[in-house]
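This report goes through selected features of one protein model. The sequence and the coordinates come before the text.

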Amino acid sequence: MNTLITLINPNKVHPPITPYALDVLTTRLEQHGYTAEIVDLCFERESWPQALEAYFSSRPPPLLVGISVRNTDTLYAQQQRVFLPEHRQIVQKIRSLTSAPMVGGGVGFSTMPFACVDYFGLDFGVKGPGELILVDLADRLSHDGDPATVEGLLINQGDGRVTRVPTPDPDTALGGVGEIGAGQSRAWQVDTASAYTRRSGNRFKVDNLGYYERGGLGNILTKSGCPYACAHCVEPDAKGTAFAKRSVPSVVDELTELVDQGVCDVHTADSEFNLAIANTKAVLREIVRRKDSAPDSPLHKLRLWIYAQPKPFDEEFAELLAAAGCAGVNVAPDHVRDDMLEGWKVTRKGTRYYTWSDTEHLVKLCNKYGMACMVEVLAGMPGETWETLREAIDRTLALDATVSGFSLGLRCFPHQPLGQWLAQESAGVRHVLGTQSDGATEPIVLRTAEQCTSPVEYERQFMFQPDGTVRPVCYFSTGLPEDPATMADPAGRWLHTVELMWNHIDPTDYPRVMLPTAPGSSKDDNNYADNPFLTTLTAMGYRGAFWAKWRERDAILAEAGRRDIV
């Protein structure tokens with residue numbers, strides 16, 4: 001029986017981000033008797049065709065090839081860069097080298113999985129966590145079974161038609177087009193019991209230490225999914241609308257394994273680490289217990305970095321974080337005004353769950369317990385004006401945070417509330433003011449799910465124009481001070497607001513603030529993908545979340561220049 005499953009990482013963005021999902025998939029496949037091998041193209045940015053040729057010419061034909069798409073694009077409205085065309089080239093190259101069926105997945109893939117299966121020309125796809133579905137698919141293929149019996153599997157029927165095998169989860173149907181997996185918990189898709197195997201230096205596996213040395217961070221998942229309903233967020237749809245909480249001992253075993261390999265700075269991969277707070281505190285207590293009971297535990301070297309919401313975040317939580325080795329907290333209140341966040345940052349029932357005072361309290365606790373803190377604000381949501389934005393800047397900078405970050409404009413996706421609202425407003429007949437894309441050559445007209453004949457048609461319009469050219473959809477509030485011509489132009493650049501933001505802030509505060517920048521790289525550019533400061537930072541051996549070094553960027557770049565590091 002053929003047991004070889006080949007998994008591809010097509011993400012070539014630097015600084016490199018550890019493809020954690022491939023460790024998860026490998027763990028589950030190996031538990032079920034399969035040989036899982038990884039072809040990682042992240043470090044083969046220019047030579048990836050040769051890397052694929054060398055692999056497939058030297059290995060036996062695989063039973064199945066999987067490709068994991070972490071991001072469809074940069075998600076950064078000021079510098080829009082789409083990865084799907086280059087990923088498609090990789091798929092086409094693989095097709096020329098093997099006749100094995102191909103399956104796609106990953107969190108980026110899961111934001112528009114039907115469109116991705118169709119665009120890439122894959123045989124199968126998975127929306128959400130893939131470890132259980134992938135094993136089920138491998139079992140069917142290895143025993144000449146029917147893939148149409150694999151619950152949750154997307155199947156390419158050809159001619160733009162992609163279907164999804166029904167699951168026991170309730171499905172909030174997309175119009176009348178059938179099972180699409182909308183509104184599902186997807187908790188059943190997650191292996192919550194296992195400690196995912198993390199390796200370093202092994203051929204055809206994820207090199208966790210290699211990623212750490214070149215990217216500055218490892219990663220860990222304590223739970224998957226999110227039951228909240230924030231209007232701009234894709235994670236409840238892409239990962240599931242319920243928390244799938246992993247075994248606490250398994251999480252800490254995995255952390256110990258990573259640190260023992262030399263991966264000391266580890267960032268949480270949860271949607272938000274402090275949601276489902278009881279489980280989160282249990283993880284931290286287990287880390288502290290192991291540190292206290294074993295002076296030689298690798299966990300004494302752990303530096304944890306987390307994503308968080310402003311609440312829940314009490315003093316006990318802050319104390320546990322510090323004791324566990326937390327180095328920094330990245331908190332995303334998104335705005336300072338309650339009226340801006342009403343109906344925007346909400347629970348599944350539509351209720352708010354924090355106020356600005358909670359953010360202020362969190363920053364004070366971080367300072368008290370010696371943890372760095374970054375506060376992030378999303379500017380440009382519906383209803384934003386220069387007055388509300390200016391207030392957000394002023395009140396955020398009044399905090400004693402390590403750094404404050406501001407982004408302008410929001411990326412829109414088919415199954416997030418914001419994208420669905422835009423489709424309703426457009427209704428297939430009008431360009432909604434504020435809808436924008438750098439790649440637009442015609443008005444951006446979106447149809448609702450009910451107006452579309454298939455999930456492929458509905459999802460594609462959020463990334464492609466009718467002629468097939470790439471056109472990611474973004475949104476900027478029409479209350480911002482841009483001229484009418486910019487607002488009416490679907491490819492208009494909202495640069496006057498960027499200029500106002502820079503001019504409003506005292507230059508002496510620039511070291512502690514991240515602001516949106518005009519197109520083109522600069523030392524102030526805070527877009528992650530191939531960021532010159534970040535790549536310099538990691539080349540010089542810095543470790544940890546890059547924002548923690550933002551205040552020192554001028555000195556670091558000057559040192560890099562003296563050492564001729566680019």
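In which loop does Pro 312 lie? The loop that holds Pro 312 is the one between β12 (303-308) and α11. The model is a predicted one.

## Cis peptide bonds

The bond between Lys 311 and Pro 312 is a cis peptide bond, with omega about 5°. A cis peptide bond also joins His 14 and Pro 15, where omega is about 0°. Pro 15 belongs to the loop between β1 (4-9) and α1 (20-31).

## Annotated domains

Two domain annotations come from UniProt. The record, an unreviewed entry, places "domain: B12-binding" at residues 1-148. This span is 41% helix and 16% strand, and its end C-alpha atoms lie 21 Å apart.

The UniProt annotation "domain: Radical SAM core", again from an unreviewed entry, covers residues 212-467.

## Packing of α10 and α11

Helix α10 (residues 277-293) packs against helix α11 (residues 315-324) at an angle of about 35°, and their axes are 9 Å apart. The crossing of α10 and α11 is left-handed. On the α10 side the contact is made by Ile 277, Thr 280, Lys 281, Leu 284, Arg 285, Ile 287, Val 288 and Lys 291. From α11 come Glu 316, Phe 317, Leu 320, Leu 321, Ala 323 and Ala 324. By class, the residues of the contact of α10 with α11 are nine nonpolar, four charged and one polar.

## Nonpolar cores

The largest nonpolar core has 68 residues. Leu 284, Ile 287, Ile 306, Phe 313, Leu 321 and Val 329 have the most contacts inside this core. Helix α9 (residues 248-260) gives the most to the core, with six residues. Among the residues with the most core contacts, Leu 284, Ile 287 and Leu 321 also take part in the contact between α10 and α11.

A second, separate core has 66 residues, including Leu 52, Val 65, Val 69 and Ala 491.

## Phe 313 and Leu 362

With neighbours within four places in sequence left aside, Phe 313 is in contact with Asn 274, Ala 308, Ala 318, Leu 321, Val 329, His 361, Leu 362, Leu 365 and Cys 366. One of these, Leu 362, lies in helix α13 (residues 356-368).

Is Leu 362 buried or exposed? Leu 362 counts as buried because its relative accessibility is 1%, and buried means under 20%. Apart from neighbours within four places in sequence, Leu 362 is in contact with Gln 309, Pro 310, Phe 313, Val 329, Val 331 and Cys 373. Asp 169 is 193 residues from Leu 362 along the chain, and the C-alpha atoms of the two are separated by 37 Å.

## Positive phi angles

Leu 75 is a residue other than glycine with a positive phi, near 65°. Leu 75 is found in the loop between β3 (64-68) and α3 (84-97). With 43% relative accessibility, Leu 75 counts as partly exposed.

Ala 427, which is not a glycine, has a positive phi of about 55°. The loop between α15 (417-426) and β17 (435-436) contains Ala 427.

Terms used. Residues are numbered from 1 along each chain as its sequence is written. This is a predicted model: local features need pLDDT of at least 70, side-chain atom pairs count only at pLDDT 80 or more; totals for chains, interfaces and linings use all residues. Side-chain values use heavy atoms; hydrogens and water are left out. Axes are lines fitted to C-alpha atoms, for helices over the stretch in contact, and angles run from 0 to 180 degrees between N-to-C directions. Helices (H or I, at least four residues) and strands (E, at least two) are DSSP runs, numbered from the N terminus. A crossing is left-handed if the near helix is turned anticlockwise from the far one by less than a right angle, and right-handed if clockwise. Contact means heavy atoms within 4.5 Å. Ala, Val, Leu, Ile, Met, Phe, Trp, Tyr, Cys and Pro count as nonpolar, Asp, Glu, Lys and Arg as charged, and the others, Gly among them, as polar. A nonpolar core is a set of buried Ala, Val, Leu, Ile, Met, Phe, Trp, Tyr and Cys residues joined through side-chain atoms within 4.5 Å. Buried means under 20% relative accessible area, exposed over 50%, partly exposed in between (1.4 Å probe, protein chains only). UniProt positions are given in the numbering used here, feature names are shortened, and annotations may be inferred rather than shown by experiment.
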